[in-house]
Amino acid sequence: MSSMDKITILWADDEIDLLKPHILFLEEKGYAVVPVMSGTEALDEMENRPNGIDIVFLDENMPGLSGLDTLTQLKTRYPQVPVVMITKSEEEHIMDEALGGKISDYLIKPVNPKQILLAIKKHTEARRLQSERSSMSYQQQFREIGMELSGPLDHADWVELYRKLVYWDLELSTVADDNIADIFQSQKAEANQLFCRFYERNYLDWLSGSGDKPLMSPTVLREKLFPLLKENRPTFLIVIDNFRYDQWKYLQPAIEQYLRTEDDCLYYSILPTTTQFARNAMFGGLLPSEIERKYPQYWVNEDQEGFKNQYENELLDENLRRHGLVIKHSYNKVLNAQYGMRLADTIPTLLQNKLNVIIYNFVDMLSHARTDSNIVRELAADEKAYRSVTLSWFEHSPLAEVFKALMGQDVNIIITTDHGSVRIDRPVRVKGDTSVSVNLRYKQGRLLDYNPKEVFEVKDPAKAFLPRRHVTSPYIFCHQNDFFAYPNNYNQYVQYYMNTFQHGGISLEEVLIPFITLTPKNS
């Protein structure tokens with residue numbers, strides 16, 4: 001905005017003298033108006049005031065440099081400045097320019113002052129007004145969310161509360177009021193703290209089958225996917241590794257260009273919230289120690305060589321077979337764009353299968369790259385930027401090409417993940433021998449030395465259905481935004497990992513994850 005927060009309007013019209021009443025009306029409303037009589041003068045004024053013009057009103061029919069020619073030069077030099085075209089008739093090419101984004105709006109002569117005022121507010125003050133509205137709405141919701149947090153919440157209540165927090169996280173991400181942003185982050189941190197306590201109190205009971213338990217990694221395919229496989233149409237299961245619910249809500253408008261959301265569901269990841277445990281449990285329909293016992297050939301422990309999730313397809317086969325689903329299906333893991341594009345070209349062939357599983361590792365790779373690369377760390381500096389990079393990936397990804405290819409097809413599509421991630425910022429000291437696992441959010445191994453008050457401690461791995469590597473090998477998990485750090489090279493280690501996105505522990509972002517059912521729109 002121009003100096004002193006006064007909005008400055010450049011109005012180009014060869015009959016500008018006849019618009020004097022409109023100009024006086026706007027000046028009385030507190031706006032500054034720069035009147036010119038030609039396109040050439042308009043360009044000169046823009047050059048003299050490169051940061052001083054907030055919006056341009058441009059007459060389409062002017063002698064000399066026409067309105068459309070002026071528009072072309074304006075958008076080339078000053079693409080961020082909104083231009084409102086004023087025309088004598090609602091001609092199709094003007095509407096095309098508006099739809100194509102070259103002009104922000106258009107008005108039909110004769111214009112009245114209220115039309116002008118509305119256009120100004122719409123294109124220069126909309127973001128501020130929306131920001132103020134969001135701030136006021138959240139302040140009204142703040143007390144309500146606080147009351148919910150102070151009361152007893154079950155697993156379904158936590159899902160609904162997290163939906164609200166994600167909604168406000170996205171709404172307030174554009175608000176310029178730092179105080180409101182700080183208040184929200186404080187409330188979100190309180191929610192995360194209380195959720196961790198809730199998860200700790202109930203987790204082992206859920207696994208043992210006592211009491212009411214939520215939809216979790218080992219049951220989600222049985223409950224949400226397998227019923228769809230009994231329908232007379234193919235199903236595509238899209239697994240985006242390390243995909244948070246806020247990322248789904250941020251991508252949803254872009255994805256809904258191609259697909260229609262039928263069911264927006266969240267489920268609970270098991271611990272550790274990592275691919276080795278959570279995704280194997282999801283595909284196998286069993287908890288980790290059950291997989292190790294029942295299918296030892298498909299379980300790779302942390303101290304063994306080989307990829308920890310290399311038998312996902314085999315585990316899915318066994319899961320389908322146990323539930324009487326002998327169907328034709330495919331499994332594809334997309335690790336690079338070239339393979340993803342080739343896969344999109346095979347959609348006609350994949351449509352012959354009852355189930356097609358496609359795994360995309362981009363978000364997980366982004367998380368790791370953000371840790372290791374300063375450039376990527378700057379691109380995804382916080383949650384807002386992290387979501388933005390994910391959206392940019394999707395818009396140019398092979399996954400978008402798959403969705404385009406499926407438009408108009410009679411298929412079910414599921415978008416889900418195995419776990420989320422959380423931005424870490426609080427180190428927790430831990431000691432152990434060389435057998436201790438390397439993950440920053442959970443540890444397992446012998447001779448672990450830690451403060452029990454700072455972690456979720458599982459002394460007997462069998463109670464959490466986790467493989468036991470040694471007789472005395474407890475598991476410990478980080479809460480909220482914590483991460484484990486060794487005393488050796490402590491400061492260097494902490495500085496390297498501070499504010500990176502990690503997973504493996506307990507937080508709303510890691511545990512409550514999307515399972516979205518969609519159908520294609522007509523092409």
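I started with Val334 and found it in strand S8 (residues 329–334); helices (H or I, at least four residues) and strands (E, at least two) are DSSP runs, numbered from the N terminus. This is a predicted model, where local features need pLDDT of at least 70, side-chain atom pairs count only at pLDDT 80 or more, and totals for chains, interfaces and linings use all residues. Residues are numbered from 1 along each chain as its sequence is written, and side-chain values use heavy atoms, with hydrogens and water left out.

Val334 is buried, at 5% relative accessible area (buried is under 20%, with a 1.4 Å probe and protein chains only). Leaving aside neighbours within four places in sequence, I noted its contacts (heavy atoms within 4.5 Å), among them Tyr339, Leu343, Ile358 and Tyr360.

Next I looked for cavities: on a 1 Å grid over the protein atoms alone, sets of points where a 1.4 Å probe fits but cannot get out, with lining residues having an atom within 4 Å of a point. I found one of 30 Å³ or more. The largest cavity has a volume of about 40 Å³, the space filled by probe spheres set on the points, which are joined across faces, edges and corners. Its lining includes Tyr162, Lys188, Asp246 and Glu509, and helix H6 (residues 155–172) gives the most, four residues. From Val334 to Asp246 I read 23 Å, C-alpha to C-alpha.

Last, the open sheet: five strands run in the order S2-S1-S3-S4-S5, paired in parallel (at least two DSSP bridges make a pair). Its edge strands are S2 (32–36) and S5 (105–108). S1 (residues 8–12) and S2 share five bridges, and Thr8 has Ala32 as its bridge partner in S2.

Technical notes: 1 Å grid on protein atoms, 1.4 Å probe; cavity = no way out; pocket = protein on both sides within 12 Å on 5 of 7 lines; lining within 4 Å. Buried < 20%, exposed > 50% of the residue type's maximum accessible area, 1.4 Å probe, protein only.
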